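Reader: I would like to learn how to read a protein structure feature by feature, and I would be glad if you could take me through one slowly.

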Amino acid sequence: MTEDTKIKVAIVTGAGTGVGRASALGLLRDGWTVVLTGRRLNLLEETQQMAGDDAERTLVMTSDVTDADSVSALFARVREEYGRLDLVFNNAGGGAPPVLLEDLKLEQWQRVVDLNLTGSFLCTQEAFRIMKDQDPRGGRIINNGSISADRPRPNSSPYTATKHALTGLTKATALDGRKYDIACGQIDIGNALTEMTAGMGRGVPQPSGERMPEPTFDVEHVADAIVYMANLPLDANVPFITVMATKMPLFGRG
């Protein structure tokens, strides 16, 4: 465990791809020490390699946010390694196949609930346990809410429901964290260009039943927003921020 309390330590879940990878690399460029976590070691190691000289300020540890014991082990390792925690980006998440609501299997629903909602809760709970007792006290939690925290896409009930619920978790965390100097905010992202959205240019189902191409934007703008939120003093907070492709058909959807 280092005695240097001036370091800024962050955990980024889902750091092996997409928004998580870009945000982790952005934090590293800004001088943060970043714990890269997710289920697939090879992808986490790719992110670490992409960090170049900043990789010396990374810790790679696999974890499954749907498993309480795995989450507990992750945060215990961070406490042991660094002695403090300043930021958690609850980014890990996923959806179910885009099937009709009435055809969705309970197992598919439950998997999304466990990943998107319960996983964020478990990480938040462990973060509280570290942040409230460290010196200096407090820290920040950022949740990846998604545009779907506001408006649904067709055939997306598990994803939409959990992202709406995550907004409630963000508000409750911001309230319950006040007494510990823990700030909490949420970033809602619309069509950032990642592996997940690479096919949007070929067409995306719309509420009308049609398929139409949707624009995307550089995921680095998401990373910039995360770095901005992360670097605010703890007496300031961005509760909600939306970063989206200017011409995506959000307004008028749903």
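Reader: How much space lies in the second largest pocket?

Author: Rolling a probe the size of a water molecule over the atoms shows where empty space is left. In this model, which is predicted, the second largest pocket holds about 200 Å³ of space.

Reader: Which residues lie nearest the centre of the second largest pocket, and how does its lining divide by class?

Author: Of the 15 residues that line this pocket, W32, D86, A230, L232 and L234 are the ones nearest its centre. Sorted by class, the lining consists of seven nonpolar, three polar and five charged residues.

Reader: How should I read a pair of helices, and at what angle do the axes of α3 and α4 cross?

Author: Two packed helices are described by the angle between their axes and the distance between the axes. Here the axes of α3 (residues 68–82) and α4 (residues 106–131) come within 10 Å and cross at roughly 30°. Because angles under 35 degrees count as roughly parallel, α3 is roughly parallel to α4. The crossing in which α3 passes α4 is right-handed. On the α3 side the contact is made by A68, V71, S72, F75 and R79, and on the α4 side by L122, C123, E126, A127, R129 and I130. By class, this contact of α3 with α4 comprises seven nonpolar, one polar and three charged residues.

Reader: What is the angle at which α4 and α5 pack, and how far apart are their axes?

Author: For α4 and α5 the angle is about 15° and the axes are 8 Å apart, which means that α4 is roughly parallel to α5. Here, too, the handedness can be read, and α4 passes α5 in a right-handed crossing. The contact involves residues of both helices, among them W109, V112, F121 and F128 of α4 and P158, Y159, L166 and L169 of α5. The residues of this contact divide into twelve nonpolar, six polar and two charged.

Reader: Turning to the backbone, is the peptide bond from D135 to P136 cis or trans?

Author: The bond from D135 to P136 is cis, with omega near 0°, and P136 belongs to the loop between α4 and β5 (139–144).

Reader: What is the phi of S146, and where is S146 found?

Author: S146 has a positive phi of about 80°, although this residue is not a glycine. S146 is found in the loop that runs between β5 and α5 (157–176).

Conventions
Residues are numbered from 1 along each chain as its sequence is written. This is a predicted model: local features need pLDDT of at least 70, side-chain atom pairs count only at pLDDT 80 or more; totals for chains, interfaces and linings use all residues. Side-chain values use heavy atoms; hydrogens and water are left out. On a 1 Å grid over the protein atoms alone, a cavity is a set of points where a 1.4 Å probe fits but cannot get out, and a pocket is an open set with protein on both sides within 12 Å along at least five of seven lines; lining residues have an atom within 4 Å of a point. Grid points are joined across faces, edges and corners, and a volume is the space filled by probe spheres set on the points. Ala, Val, Leu, Ile, Met, Phe, Trp, Tyr, Cys and Pro count as nonpolar, Asp, Glu, Lys and Arg as charged, and the others, Gly among them, as polar. Axes are lines fitted to C-alpha atoms, for helices over the stretch in contact, and angles run from 0 to 180 degrees between N-to-C directions. Helices (H or I, at least four residues) and strands (E, at least two) are DSSP runs, numbered from the N terminus. Angles under 35 degrees count as roughly parallel, over 145 as roughly antiparallel, 65 to 115 as roughly perpendicular and the rest as oblique. A crossing is left-handed if the near helix is turned anticlockwise from the far one by less than a right angle, and right-handed if clockwise. Contact means heavy atoms within 4.5 Å.
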